[in-house]
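Please look over the sequence and the model shown below. The paragraphs after it go through the sheet, then a helix, then a few single residues.

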Amino acid sequence: MKKIDIHAHAIPSDPTMDRYVSIMDRHEVSAALVHGIPEERRDNPDVLRAVKAHPGRLFGSVHVDLRDPREECVEAVKRYAGEGFRSIKLFPNLGFDPNDEQFEPFWQVVEDLALLCFSHCGWITNGGTWARRRLSSLTATPFHFELPARRFPGIRFIFGHFGGGASYLETVTLISRLPNAFADTCPGWGRWVFEQRMPGLSGLDFRHVLFGTDNAGEEYSEYEKWWTETFLSMGRTEEDLRFYFYENAASLLGIHV
Ligand SMILES: [Zn+2]
């Protein structure tokens, strides 16, 4: 089935992502939204290089750390929107609360530029690159986007990892009630909540659920099989699957279906 990966990242060993796009070809992944990471702060040269090399296949999402001065955040968002980026990427675990009133002028800019807002949500490990850092999941759950989602209905918010493990019910609440709230099912918590058949997932509106993988690579087809079997066993339809794998993301990215 045709797929779009709403949750991908640049690959240092494959700077233009040529190899990655040929993997996407092998697995019927027609496009991916490539997000900057906290290490890139407001400068996302890796994402920009890849997106420029694959127009129409890779779409850009600029990482912004809202602890930085507002003018610098706004400048970065405007600059990358000018390069054709479709989204901003946030990582609130760094220590800011997206609900904070002080960010309203920033959200106004994001809405005016018709950008998506994709956020990492949920708990993260304390190993590897995250070891010993001051990171908390307390401000990185969907309810911390409730105010901007209400105040700026023109921004479509996407919660990565289905909003996190413990906080997935916040995702269910917001995507069931707010037309501009969406979530991906990216591993770990995004897959975990479905593996566990957690309460509340069976009634979801599949127009608000998106395929995202954190770069599944050669495992794309296995992911497709796993999600297809899981969703069908939960009573979802083939039409739900089409929206989940492709059509919801195509519509968010402005790709003509
Ligand atoms: Zn990611």
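Two strands are said to pair if DSSP finds at least two bridges between them. Helices (H or I, at least four residues) and strands (E, at least two) are DSSP runs, numbered from the N terminus. The model is a predicted one: local features need pLDDT of at least 70, side-chain atom pairs count only at pLDDT 80 or more, and totals for chains, interfaces and linings use all residues. Residue numbers start from 1 along each chain as its sequence is written.

By that definition, β5 and β6 pair in the parallel sense, with three bridges between them. One of the contacts across this pair is given by Ser119, whose bridge partner in β6 is Phe159. On the other pairing of β5, four bridges join it to strand β4 (residues 87-90), and the two strands run parallel. Here Leu90 has Ser119 as its bridge partner in β5, and Ser87 has Leu116. Strand β4 is in turn joined by three bridges to strand β3 (residues 58-63), again running parallel. In that pair, Val62 stands opposite Ile88 of β4.

These pairs belong to an open sheet of eight strands in the order β1-β2-β3-β4-β5-β6-β7-β8, with parallel pairing. Strands β1 and β8 (209-210) stand at the edges with a single partner strand each, so one side of each is left without a neighbour in the sheet. The one partner of β1 is joined to it as follows: five bridges link β1 to β2, and the strands run parallel. Ala8 has Val34 as its bridge partner in β2.

Another is made by β4, helix α4 (residues 104-112) and β5. A further one is made by β5, helix α5 (residues 146-151) and β6. Helix α6 (residues 168-177) lies across β6 (157-159) and β7 (181-184), and runs at about 135 degrees to β7. For this angle, axes are lines fitted to C-alpha atoms, for helices over the stretch in contact, and angles run from 0 to 180 degrees between N-to-C directions.

Burial is counted from C-beta atoms placed from the backbone: a residue is buried if 20 or more other C-beta atoms lie within 10 Å of its own, exposed if 12 or fewer, and partly exposed in between. Strand β5 (residues 116-119) is covered on both faces, with Leu116 and Phe118 buried on one side and Cys117 and Ser119 buried on the other. In β4, Ser87 and Lys89 point one way and Ile88 and Leu90 the other way, and all are buried.

Helix α8 shows another arrangement. Its 14 residues (220-233) should span 20 Å at 1.5 Å a residue, and its end C-alpha atoms are 20 Å apart, which agrees; the expected span is 1.5 Å times one less than the number of residues. Which residues of α8 are buried? They are Tyr220, Tyr223, Trp227 and Phe231. Seen down the axis of α8, the buried residues fall within an arc of 55 degrees, so they line one face of the helix; the arc is that of the directions from the helix axis to the C-beta atoms. The face turned away from this buried side carries the exposed residues Glu222, Lys225, Glu229 and Ser233. The cover over the buried residues includes β1 (3-9), β2 (29-35) and α9 (238-253). Just after α8, Gly235 takes a positive phi of about 90 degrees.

Asp5 is in strand β1. This residue is buried, with 27 other C-beta atoms within 10 Å. Beyond its neighbours within four places in sequence, Asp5 is in contact (C-beta atoms, placed from the backbone, within 7 Å) with Val29, Ala32, Phe211, Gly212 and Thr213.

Some loop residues have backbone features to note. Ala114, in the loop between α4 and β5, has a positive phi of about 55 degrees although it is not a glycine. Asn215, in the loop between β8 and α8, has a positive phi of about 70 degrees and is not a glycine either. A cis peptide bond joins Pro187 and Gly188, with omega about -10 degrees; Gly188 is in the loop between β7 and α7 (189-195).

Note on methods. Two residues are in contact if their C-beta atoms, placed from the backbone, lie within 7 Å. A crossover is right-handed if, with the strands pointing away from the viewer, the path from the first strand over the helix to the second runs clockwise.
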